[in-house]
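Thanks for coming. I have one structure to go through today, so let me put it on the screen.

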Amino acid sequence: MIKLKDLLVEVKFTKPNFDYEWEEAERYPKLFPNKQTWDNKVKTGKVMNLDCSMDIQNTDMCEPDVDLEPEKVNRVRKMLDSGELELPIVMKHKGKYELIGGNTRLVALKKAGLSTKAWVFNYD
């Protein structure tokens, strides 16, 4: 039996578009009162492997059945077909992880059996 992950070429992860993801960060006005604060914090991150034991909030990565927006799924499918995928962004704050942007990308990676990598930054 051929598995989906066997059909896919290795994915090259690209750095997140921090300017585009600012819209997601604005949901946390106490942590990111302005774009400069966002930029200063998020750019200190690094690429990390994620797993369900991290109990990441604001993601469906570890849920067995997830309904995602078809438009977003198609966008992620195109990224995977191209072999490049922009990294989701995860914040670590007070010892807990929270996804800032990239839920569909993260779920797609997990469901395809690929590495669940993300750009992770420590807020504290």
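Some conventions to begin with. This is a predicted model, where local features need pLDDT of at least 70, side-chain atom pairs count only at pLDDT 80 or more, and totals for chains, interfaces and linings use all residues. Residues are numbered from 1 along each chain as its sequence is written, and side-chain values use heavy atoms, with hydrogens and water left out.

Salt bridges, then. Side chains of opposite charge can pair when their charged atoms come close. The criterion here is a side-chain nitrogen of Lys or Arg within 4 Å of a carboxyl oxygen of Asp or Glu. How many salt bridges does a search of the whole structure find? It finds seven.

One of them joins the side chains of E24 and R27, at 3.4 Å from N to O. For accessibility, buried means under 20% relative accessible area, exposed means over 50%, and partly exposed is in between, with a 1.4 Å probe and protein chains only. E24 has 28% relative accessibility, so E24 counts as partly exposed. R27, at 42%, is also partly exposed.

Another salt bridge pairs K72 with E69, at 3.7 Å, N to O. K72 is partly exposed at 33% relative accessibility, and E69 is partly exposed with a relative accessible area of 48%.

Next is the pair E86 and R105, whose side chains meet in a salt bridge at 3.7 Å, N to O. E86 lies in strand β3, residues 84–86, and R105 in helix α5, residues 103–111, so this pair ties together parts that are 19 residues apart in sequence. Are E86 and R105 buried or exposed? Both are buried. There is also a network: D19, K35 and D39 are joined into one by salt bridges that share partners.

The largest share, four residues, comes from α2. By type, the lining divides into four nonpolar, five polar and eight charged residues. In that count, Ala, Val, Leu, Ile, Met, Phe, Trp, Tyr, Cys and Pro are nonpolar, Asp, Glu, Lys and Arg are charged, and the others, Gly among them, are polar.

N103 lies in helix α5, and its side chain makes a polar contact of 2.7 Å with that of T59. A polar contact is a pair of N or O atoms within 3.5 Å; within protein, one must be able to donate a hydrogen and the other to accept it, and residues adjacent in sequence count only if both atoms are side-chain atoms. Contact in general means heavy atoms within 4.5 Å. Leaving aside neighbours within four places in sequence, N103 is in contact with N58, T59, D60, M61 and L68.

As for α5 itself, seven of its nine residues are buried, including R105, L106 and V107. Its buried residues pack against β1 (12–14), α2, α4, β3, β5 and β6 (117–122). After α5 comes G113, with a positive phi near 75°.

F32, in the loop between α2 and α3 (35–42), counts as buried at 1% relative accessibility. Not counting residues up to four places away in sequence, F32 touches W22, A25, T37, W38, K41, M91, F121 and Y123. K46, found in strand β2, residues 46–49, is exposed at 53%.

How values were computed. Helices (H or I, at least four residues) and strands (E, at least two) are DSSP runs, numbered from the N terminus.
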